[in-house]
Amino acid sequence: MLLPDLRKQVLECNLELVRRGLVLYTFGNASGISRKEGLIAIKPSGVPYEKLRPEDLVVTDLEGKIVEGNLRPSSDLPTHLVLYKAFPKIGAVVHTHSEYATAWAQARKPIPCFGTTHADYFHGPIPVTDVMTREEIASAYEKNTGDVIVRAFQGIDYSAIPAVLVANHASFAWGPDTETAAHNAVVLEAVARMAYFTVAINERAEAIGRDLHDRHHLRKHGSSAYYGQAKGAK
Ligand SMILES: [Zn+2]
C-alpha cells in the first residue's frame, strides 16, 4: 500500500473534523500531500466516517489520476489539487460546512479579526471569494472553485491566513500538515462563531487594533516567536 503514514494522518484528520462537530453525515473532506512523491491521499466520496479505514483513502497524482484505490475520491478533489499547486507550502487541505463559518460564507462577508483568538491563527480577516459565474459553475465547477480561492489570495499570504470562505458555499482551511489543517478548521469555526456574537452584541464592533493583532500573531508565528515551548525543550 502506498503512503501508509500519510493515509493514517489523513484518516485521523477527517475523524478529528467529526469529533469537533464540524461535519454532518458525509459533508466535508480532508486530504494530505506527499510533496516528495507528488501524490495526494484523500477521503473517498460518500463513505460514512465511522467505516473509513486507511486503505479506503484514494491516492491520486497532482492531475487527479487515481494511482491507488478502488473507491471514487471526494468530488472536491479538483479544488484540493488547485490549492496544492498554487500554495506550494501547504501539506493538507480541509473542507467542511461547519455552521458558523458557512453562515459567513453564505452572507458573503469576510470574518473581521475582532480579537486575539483570531489574531493568534489568522493574520487578518478571513477573505471571502467572488461569487462564481454561470460559466464557472457550468464547466469544471470544482476546479473553478479552487481558482476562485486562489484569486481571493492575490496580495494575501496563504501561510498567514490559512483559510477562506467560498461565497454561498463554505470554508476551506489548510496547513503545512494534516494536524495543523484540521486545527485551523476548528479554530476558524470558533472565531466565526465568536465574530457572529460580537456583531450581535455590537453591530458597530471594530476590528482589533494593528498593535495587538501583530503582537499576538507574531509571538506565535513570527521569526522571533516565543509562544509555547522552545523546540527541543521538555
Ligand atoms: Zn462543500
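View 1. On a 1 Å grid over the protein atoms alone, a pocket is an open set of points where a 1.4 Å probe fits, with protein on both sides within 12 Å along at least five of seven lines, and lining residues have an atom within 4 Å of a point. Grid points are joined across faces, edges and corners, and a volume is the space filled by probe spheres set on the points. The largest pocket has a volume of about 750 Å³. Gly 175, Pro 176, Thr 180, Asn 184 and His 221 are the closest to its centre among the 30 residues that line the largest pocket. Two or more lining residues come from each of helix 1 (4-19), strand 7 (171-175), helix 7 (178-201) and helix 8 (210-221), and helix 7 gives the most, with seven residues; helices (H or I, at least four residues) and strands (E, at least two) are DSSP runs numbered from the N terminus. This is a predicted model, in which local features need pLDDT of at least 70 and side-chain atom pairs count only at pLDDT 80 or more, while totals for chains, interfaces and linings use all residues. Residues are numbered from 1 along each chain as its sequence is written, and side-chain values use heavy atoms, with hydrogens and water left out.

View 2. His 95 is buried at 1% relative accessibility, whereas His 97 is partly exposed at 35% (buried means under 20% relative accessible area, exposed over 50%, partly exposed in between, with a 1.4 Å probe and protein chains only).

**View 3. Strand 2 between its two partners.** Strand 2 (residues 39-42) runs antiparallel to strand 1 (residues 29-34), to which four bridges join it, and it also pairs in the antiparallel sense with strand 3 (residues 58-61) over four bridges; two strands pair if DSSP finds at least two bridges between them. Leu 39 of strand 2 stands opposite Ser 34 and opposite Asp 61 in strand 3. Strands 1 and 2 form a hairpin with four residues between them, where Gly 38 in the turn has a positive phi of about 65 degrees. In a regular strand the side chains alternate between the two faces of the sheet. Both faces of strand 2 are covered, with Leu 39 and Ala 41 buried on one side and Ile 40 and Ile 42 buried on the other.
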